[in-house]
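I opened this structure for a first look and kept short notes. The entries follow the order in which I looked things up.

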Amino acid sequence: MMDISEPSTRRGFLDWLIAACSSVAGAALVIPGLVYLWPAAKGGAAENVEVEGASDMSPGQARTIQIAGKAVIVVRKRSEYRAFLAACTHLGCLVTWDSSRNEFLCPCHAAVFDENGEVVSGPPPSPLPRYQIKEVGGKVYVSAA
Amino acid sequence: MGLGRQIESFLDDRFDTETARGFVDKQAHKRLPPNTGWFHVFGSLSLLLFVSQTITGILLLIYYRPTPEAAHESIQYITAEVYFGWLYRQIHAWGGTLMILAVVFHMVRTYFWGAYKKPRELTWVTGVLIFIGTITFGFTGYLLPWNQLAFWATTVGTESANKVPLIGSWLQYFLRGGDAVTGETLSRFFVVHVIILPWLFTGLVVVHLILMRLNNLATFERVGEEKPSPPEYGIPFFPVHVAKEGVVVVLLLAVLVTLSVLVPWEIGEPADPLSTPAHIKPEWYFLPSYQLLKYFEGPYGAIIGIFACSLPFFLLFLWPFLDRGKERHPKRRPLAVGFGLLGLLGALFLGYLGHISETEQTFFGKRYYIDLLGRPNEIVDDAGTSESKAH
Amino acid sequence: MAIIQQIIKTVAATALLSHLCWAAGEEVTCTTCHTPEADQLAQSVHVAIRCQECHKGETSYLLSVEEANRHTQVRPGGGPRPAFDHGPVFTGKPSRAEVPQRCGGCHADVERMNPYGLRTDQLSRYWTSNHGKTLANKGDDRVAVCVDCHGEHDVLPGHEPGSKTHTLNVPETCASCHSDRALMAEFDLSIEVVEEYRQSVHGRLLEQQDTGAPTCAACHGNHSAMPPGFATVGAVCGKCHQHAADSFAASAHAGMEDHKGCVQCHGGGEGRHFHLIERITKPSGVLIERYAHLLASDPVPDSEQVAEAIHPNPKQIMTRAMPLCMECHDEIEEDESLAKLFDLLDAIAQAEGRYVQTGRRLDEIGQGVLLVDRQRFLFEDAKTHLIELAPLQHSLDNQQVAGKVAELNAVCDQVSAELDNLERGLRWRRNALTPIWVFATVFAVALYIKFKRLKRTYVRPLPKGHAGR
């Protein structure tokens, strides 16, 4: 080993600089990689999605459609339409509409929601999230609330 | 007791950490020969680029879809929608090109430094395999964006497999997974590019590195007359050599990003099997073979052509066993150096001819049409016959 | 029934004749002498029609060998072959005046045309045309009859490219009479009309093999050929230019007593025969180009600067429209609503310039590494608005037109804004290179200094002359 005759402050600064640069470079390599992994998919707009053939639905009928990748159940009550997120708030199974009882049923754990999405019975902790309905010129559009 | 100490004692109780620590220390601080210079960084650069290709490749795989219907669109999606997708695609594309360059430079250095000689013949042979692997990476990866250039370059590339004697048509059928380049080809190339080659390649690199470590780097001393230099003359891998490579690595990363931003690879038109774009040429590293093959026509010519194209690779494999001279220093082995230079210049010249063939070029103020074989034909402007003369 | 009887008769006659032929000499048919006509017929749509159906007469004649040779073979010394008596039923070549009735014999016969799905009103329509009326009323057979447009023995259906009535050939077919100076002089008609048509916006389209372009027949009708009057010209043009016709009908110009309708402004040509149909209010390409160029500059100039840079007087832009308007309107300067209209036309020119520039930018950027598919899709709307603008101007309704211009501009603005955004991202990448290189240089230099120091610390310099050096 040879003797080092350098002022320790200069050496200290150099080491500090290299450490700082390495951290910056490391961050610059890792952070974009993590950002890259973040899903970029927009999956379509969650606004004013037309319910195809809504006018053909008879009163009491329901139809499940996809809005921005999520299942949304649209129910026709006489002339009025209602839409809810179809995923049960318990464990995410898709609910079905029972027109004879005017209730949503979850096939997984026998949960029941009423026509307003409120929990009637079963394990769900909260009502079904409701979607906005807009009727323009005979067409029905659904938007996330 | 700190967390580090706790982990240490946990491990100590379970296996002989002393040996492991000793091994790591020995490898990390191993002294490289004193003549290890700046030219010795290409090996580590190649390794660094391989690591970079692996990481960016895995990232691209997250969004890439290897079917003819979706491949091109998924590349567009990566480029346009995914955060930093453009960056990773560009770094992967440019990284591949730079990796081939780095491997070639590494081989050139090894050749002229005489480092392939005994006892390092096997290191060289694994190196040649790594070189072929790198090129195969390039060939298979080029098809994956499924754009016009890729599709037709692959069609032309696999077409030449047909010229291999006896098994040519079978080989072509096998490579393409059918009679033409289709989704089957894409699947094959994809699997080779992301599964088979990476593992083979990793294995080869590990063997290559172990062999390199066992024999240490070569000096310019004559074969069999190497004297172990006193350790204080050697350069410790860590921290001295690592600091040196750090300089190159930092610059290389900056160059990669710069190329990605300023000279981006275009996505191109989606592949259309029904229309061939004009002037289809392979990537630059295939240009010498591409040009060489053109000079051999007919049934026998094709065989000779394939032979001529594979000869350099056979020579590379066998070289350490053919050149058994004791000297390593380039000044003291003019024949081998001359031969190497000749081969290198020949490849460069053929590659250049391939690059300019079938284009118009201006030399010394005169315009020439370079034909298929690289012969210049002067273009005369005044007469209408100039076109016919040019062709 | 009559037809069946006819057929039975013909068959019987043929059988009888061929029987006699054996006994007395050579059988001669029409084609023996009339080979060229027979060949033409064989290539035509009438291939299944026999000569007798138009010319009557026998299907074959029984002649002695000498007699047949006298009529059929070329004589050694040349000279005409002797005339041949085709018999009493034969009607020969119809006169020009007879042609319509002759063709109509079949073509106006509903029962006869039914299997071919052809209409049968051509003959009655022909009699309503100027051609037919002149023939019927004045007995003047220099007018066009069926064979002039359809050919004689070589009639082809209109969809065949070789047909005289194929869309691409119609102007040429009409020109065979209507560009004939001597003939047209007799009817006091212009011989310029076809040439004017060819130079018109429609003719130029046809020239480019656009079979959708209207030919003479599209406006005049074919069998009922008749020039439309000024009162009806709007209806004729409106068959294709529906939106323009609608807008025009709602405008102040519609229904004016001495307004000639569409051709008032669009019809030009020598002596105003109105065949040189041309668009007029469309801003000139030069002007649009100047606007596109101006709008591409950075920063984009405001409307006043644009107006100043291009033309001090905005009314100059409508070089073709101005004199036309001046024919009826005396003082454009004093007519406030007209002055407004011209301002609007300038706004249209500007909007179109912006459209051209945006489209150009879209192409330019699309060739690089950025994806502009979405923006291209958006831009399609701009094209629709632009196309809608032209007919809308006929309404002379400033508010409507200004609304459409605003819609067009809004789309171009949106596309431009999105392109700006994309390009900003690209610029950001380029700009980021500077700090990256500053950082890389600092880092590399620091590492290099560190390397030198470490080397000095750890490695002893080799003595001179060492083999490893």
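Entry 1, chains C and A. I started where these two chains meet, in what is a predicted model. I found 9 residues of chain C in contact with 9 residues of chain A. Sorted by class, the side of chain C that touches chain A has 6 nonpolar, 1 polar and 2 charged residues.

Entry 2, domains of chain B. I noted that chain B is divided into domain 1, residues 36–357, and domain 2, residues 360–391. The centres of the two domains, taken over C-alpha atoms, are 34 Å apart. I then looked up their contact, to which domain 1 of chain B gives 6 residues and domain 2 of chain B gives 6 residues. On the domain 1 side, α11 (287–294) and α13 (334–356) of chain B each supply at least two residues. By class, I listed that side as 3 nonpolar, 2 polar and 1 charged residues.

I looked up strand β3 (residues 359–363) of chain B, which pairs with β4 (residues 366–370) of chain B in the antiparallel sense over 5 bridges. Thr359(B) stands opposite Ile370(B) in this pair. The two strands form a hairpin with 2 residues between them, and Phe364(B) in the turn has a positive phi of about 50°.

Terms used:
Residues numbered from 1 in each chain as written. Chains lettered and ligands numbered in written order. Predicted model: local features only at pLDDT ≥ 70, side-chain atom pairs only at ≥ 80, totals over all residues. Pairing = 2+ DSSP bridges. Helix = DSSP H or I, 4+ residues; strand = E, 2+ residues; numbered from the N terminus. Contact = placed C-beta atoms within 7 Å. Nonpolar A, V, L, I, M, F, W, Y, C, P; charged D, E, K, R; others polar. Domains from an automatic or database assignment.
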